[in-house]
Amino acid sequence: MSEWKNKLDVFLSDFEYIDDVVGVLVCGSYITGHPTKHSDLDVHIVLDNDVAYRERGNRIIDGLLIEYFANPLKQILCYFNDDLKDKSLMSQTQFVTGKIILDTVGDVATLKEKAQSMIADFYDSSQTIVSISDLDKYFFWDMLDDLQDAYETQKPDFDFMYFTRLNMLIEKYMAYINLPYNSKTVYGNITSPIVRDKYLLKELPDSMISRLIAKAITAIEKSEKMKVYNTLTTTIINNFGGFNIDGFKFKGDVSL
């Protein structure tokens with residue numbers, strides 16, 4: 001700890017708006033564990049709530065990249081609400097798992113408590129899986145059909161299409177089952193209790209879909225990718241009541 005703490009002290013001693021700082025929280029892998037040579041030190045700088053500015057930036061202090069986010073409490077609460085709407089919970093997780101370095105007026109502790117409460121409420125309210133429309137299922141079917149065509153015609157951008165569609169498929173599925181999604185943590189969420197603890201994640205409710213997602217992410221051969229993507233898409237659609245392209249139609253109001 002002393003190494004990054006000393007470098008953080010150097011950074012803060014030269015921080016331009018130090019007189020407005022009421023709190024400092026450090027988060028990320030240096031706090032939660034398993035940092036790599038590419039890890040930076042994530043620093044939330046809580047400013048006096050009366051300031052009318054915010055700033056984020058990066059400084060390298062003796063070889064350590066420090067990424068800082070300077071905001072008043074009211075702005076951070078806006079980030080919390082935005083993340084909650086997007087079902088990402090990243091900012092809340094950073095505060096819950098982060099370490100308080102400075103808290104002169106109690107704002108950082110308040111933010112920690114609020115973040116913890118929001119995460120708990122989110123998971124408490126996410127037990128019911130939402131239903132999805134035939135239009136949503138058509139979107140899944142259409143992505144699969146496009147990818148099948150790219151595979152059969154040996155398009156050179158098949159791999160690109162595969163991973164972009166896989167990302168959309170997993171992201172939408174996670175939204176439907178009311179779980180936060182981050183492409184950097186989804187594989188770890190499925191395969192590692194350490195990652196789940198680090199990012200405060202919950203296991204997916206369907207073990208078969210979990211296995212298929214893990215297999216889809218790590219598939220190497222195009223034939224394997226196509227097979228597992230097909231199975232994953234079909235399984236997700238069937239879990240929500242199935243879908244038949246023959247006769248599908250969608251009627252809605254004119255949008256002007």
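Predicted model: local features only at pLDDT ≥ 70, side-chain atom pairs only at ≥ 80, totals over all residues.
The protein contains 11 helices and five strands. Its C-alpha atoms fill a box of roughly 65 × 40 × 35 Å along the principal axes. Of the 256 residues, 43% are buried. Among contacts with a separation of 6 or more, 65% join residues 24 or more positions apart.

Charged side chains number 27 positive and 38 negative, with the centres of the two sets 5 Å apart. Side chains of opposite charge can pair when their charged atoms come close. In the protein, 10 salt bridges are counted.

One of these joins Asp14 and Arg59, with an N to O distance of 3.8 Å. The two residues are 45 positions apart: Asp14 lies in the loop between helix H1 and strand E1, and Arg59 lies in strand E3. Asp14 is exposed, at 53% relative accessibility, whereas Arg59 is partly exposed, at 31%.

Lys137 is buried, since its relative accessibility of 6% is under 20%. Asp134, at 42%, is partly exposed.

Asp159 and Lys225 also form a salt bridge, with their closest N and O atoms 2.8 Å apart. This pair links helix H7 to helix H11 across 66 residues. Asp159 is partly exposed, at 28%, and Lys225 is buried, at 5%. Together with Lys222, Asp159 and Lys225 belong to a network of salt bridges.

Conventions:
Residues numbered from 1 in each chain as written. Heavy atoms only, no water. Helix = DSSP H or I, 4+ residues; strand = E, 2+ residues; numbered from the N terminus. Buried < 20%, exposed > 50% of the residue type's maximum accessible area, 1.4 Å probe, protein only. Contact = heavy atoms within 4.5 Å. Lys, Arg positive; Asp, Glu negative; His and termini not counted. Charge placed at Lys NZ, Arg CZ, Asp CG, Glu CD. Salt bridge = Lys/Arg side-chain N within 4 Å of Asp/Glu carboxyl O.
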